[in-house]
Amino acid sequence: MPLIPNKAQQIIWSKIEERLKKKQPIRLAILKARQLGISTFVCALAQHYAMTHPDVYVLSIADKLDLPRQWLRRAKIWYNQTPAPLRPHLAASNAKELFFDLLQSRYYIASAEGKLPGTGFALQFLHYSEVGYWQNADSVQEQTFASVPRSGIIIIESTGNQVGDWWYNFYYRAKEGISNFEAIFLPWYLEPSYAIKGAKVDDLTPYEENLLRAGATIEQIAWRREYIQSKLAGDEEKFTRQFPATEQEAFRSGGKNVFTAEQVAQAYKTVREPAWRGEILTSMTDNPRNFKLVESEGGSLQIFEKPNPNYHYCIGADVQWGESEASDYDAAFVECLETGKVAAFIMGRWQMPHWAQILAALGYYYNTATIAPERNSVAAEGVIWTLLGRNYQNWRYPKIYVSAKMLSLRSTGRIEDYGWKTTNQTKTALVAFTMKQTAAGEMDWAVEVAVRQMAAWITDEKTLTLTHPAGQHDDALMARMITAYVAQQLRNTVELYSPPPKIEKIDNMAQRVARQAGLLENSQEDEQEEIELVEV
Ligand SMILES: Nc1ncnc2c1ncn2[C@@H]1O[C@H](COP(=O)(O)OP(=O)(O)O)[C@@H](O)[C@H]1O
Ligand SMILES: [Mg+2]
């Protein structure tokens, strides 16, 4: 029976063609839902490659020990079904490979759990299957990647497993353009047979509405409901892991997720590209008012909206401790109090006084925004110390957040009165607020990394604290939540700008009179009219 490529397989093929056309090496990292036919398709490509090229070594690596034998059996069937004139001569075969002796090409199938073939020769085509479940992905990568020349092909395909594992990191490095792999995500609804023909559903949940918008059909949504009820005893979360609709859903966090898949989906809808990207430069020997904005690709500062002179802003900042690779980043969001939108986001690693200086510069840029640095450690206090002007410098930032509770209890001036203090209690308040706002579609997230950290956040089962999984960060998430929470508090204390009411349908004469009386500013229309008048 011929293999007629399904939708998911066609997507992969078109990506390969695209890269061939652009003369880019074929390097694909495919994150997928279960049972889309991806292993089958990549095996077919690999075998076809070995059967049509002389002198090549092609290797597929499966996750389980018993798969190589099954795949080899299938490979022989495919070989026998190939029309004779297109079939290269097959040498007496063994249980591990097809050896096309006249071509001197091999298709070898191994398991990550078993022995890998000795390398030492170039691999022209390398295929990893279900790498998310390998125990030793690191060492297999070490043994095989170096053998693939630039002209060779590497295709890695897997469902998602744990946040922070090898596959998670590999996939997101590709997605973020840090590696030369192309990240491809294949959601479950690409498979048309995951559907109940003719089924109707009523009362779509907001999540199901999202699915519909993303491209699932009503019949597929009916299938999803039915599958969750009959096969998963109503456990929607389980469905999400096996049949992810988004990348975030594909990876599981150890412990229980804090935010629901629906909240993550809502948050994800607000993610967008910044209008500007670059650095905010300040000199450590100068006042942070004298900053410079320098545009650069991949810069640490992302600006979504420039400061509007009428508006108020607030900055919530997470402060890292230490500068090692493993530590968190410094991260801050700028939110507009009037619009509730994210105006800017910055993330990087700086010396503590430098981070304070950058926050102050950003604050000055956004109309002397209120700055709320997180204060949960000695490190964070160092930032506040600098902002307060006590770091042997000649400037002091005038608007540092002080919690209302602190204000009412005693006069300020002590360092512990300033900034956002994170405790289990305030963290719970932050999360409750964030959930409510996000579910109501009122929270602007803007930045993907913050949403990814949100999706991965868990309740640690032992300590019952809210935290990030091992090896992951939550700096951007914390910064976003603090900013949103503090912004909401500040809305009650500052006089928010509201635009003057528009005067409508007044004829030009009345406008001119009003303008002469200084009641109206020149509008564009009027200016044009004036020019006409001069011509007359
Ligand atoms: N184009 C296709 N048409 C029909 N069946 C297919 C097709 N591709 C794969 N299959 C079948 O679908 C099932 C799942 O394929 P598999 O490659 O194991 O999926 P995945 O690796 O995505 O989980 C297998 O039984 C396979 O034979
Ligand atoms: Mg597979």
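**View 1. Surroundings of Asn 161.** Leaving out residues up to four places away in sequence, Asn 161 touches Gly 132, Tyr 133, Ala 250, Phe 251 and Arg 252, where contact means heavy atoms within 4.5 Å. The model is a predicted one, in which local features need pLDDT of at least 70 and side-chain atom pairs count only at pLDDT 80 or more, while totals for chains, interfaces and linings use all residues. Residues are numbered from 1 along each chain as its sequence is written, chains are lettered from A and ligands numbered from 1 in the order in which they are written, and side-chain values use heavy atoms, with hydrogens and water left out. Asn 161 sits in the loop between strand S6 (153-158) and helix H5 (166-175). Helices (H or I, at least four residues) and strands (E, at least two) are DSSP runs, numbered from the N terminus. With a relative accessibility of 12%, Asn 161 counts as buried; buried means under 20% relative accessible area, exposed over 50%, and partly exposed in between (1.4 Å probe, protein chains only). A polar atom of the Asn 161 side chain lies 3.0 Å from the backbone oxygen of Gly 132. Such a polar contact is a pair of N or O atoms within 3.5 Å; within protein, one must be able to donate a hydrogen and the other to accept it, and residues adjacent in sequence count only if both atoms are side-chain atoms.

View 2. Ser 158 belongs to strand S6 and is buried, because its relative accessibility is 0%. Its side chain places a polar atom 3.3 Å from the backbone nitrogen of Val 131. Beyond its neighbours within four places in sequence, Ser 158 is in contact with Ile 30, Leu 31, Lys 32, Glu 130, Val 131, Gly 132 and Trp 167. One of these, Glu 130, is found in the loop between strand S5 (125-129) and helix H4 (137-144). Glu 130 has a positive phi of about 55° although it is not a glycine. Most residues other than glycine have a negative phi. Glu 130 is buried, at 13% relative accessible area.

**View 3. Lys 23 in its loop.** Lys 23 lies between helix H1 (7-21) and strand S1 (27-32). Its phi is near 55°, a positive value in a residue other than glycine. Lys 23 counts as exposed because its relative accessibility is 70%.

**View 4. The shell around ligand 1.** The residues surrounding ligand 1 are Leu 3, Ile 4, Asn 6, Gln 9, Lys 32, Gln 35, Leu 36, Gly 37, Ile 38, Ser 39 and Thr 40; a residue is near a molecule if one of its heavy atoms lies within 4 Å of it. Helix H2 (residues 38-52) gives the most to this shell, with 3 residues. By class the shell has 4 nonpolar, 6 polar and 1 charged residues. Here Ala, Val, Leu, Ile, Met, Phe, Trp, Tyr, Cys and Pro count as nonpolar, Asp, Glu, Lys and Arg as charged, and the others, Gly among them, as polar. An N or O atom in the side chain of Ser 39 is 2.7 Å from an oxygen atom of ligand 1. For the side chain of Lys 32, the corresponding distance to an oxygen atom of ligand 1 is 3.1 Å. Leu 36 has a backbone N or O atom 2.9 Å from an oxygen atom of the ligand. Of the 560 Å² of accessible area that ligand 1 has on its own, the protein covers 60%; accessible areas come from the Shrake-Rupley method with a 1.4 Å probe, and for residues only the protein chains shown count as cover.

**View 5. Nonpolar cores and Trp 188.** The largest nonpolar core has 55 residues, and those with the most contacts inside it are Phe 125, Ile 155, Leu 186 and Trp 188. A nonpolar core is a set of buried Ala, Val, Leu, Ile, Met, Phe, Trp, Tyr and Cys residues joined through side-chain atoms within 4.5 Å. Contacts of Trp 188, apart from neighbours within four places in sequence, include Ala 33, Leu 36, Leu 211, Trp 223, Phe 239 and Phe 243. Another core, of 38 residues, lies apart from the largest one and has Phe 259, Leu 337, Ala 372 and Ala 487 among its members.

**View 6. Helix H10 and its cover.** In helix H10 (residues 261-268), 6 of the 8 residues are buried. They are Ala 261, Gln 263, Val 264, Ala 265, Gln 266 and Ala 267. Their cover includes helix H6 (206-214), helix H9 (247-250), H14 and helix H15 (448-456).
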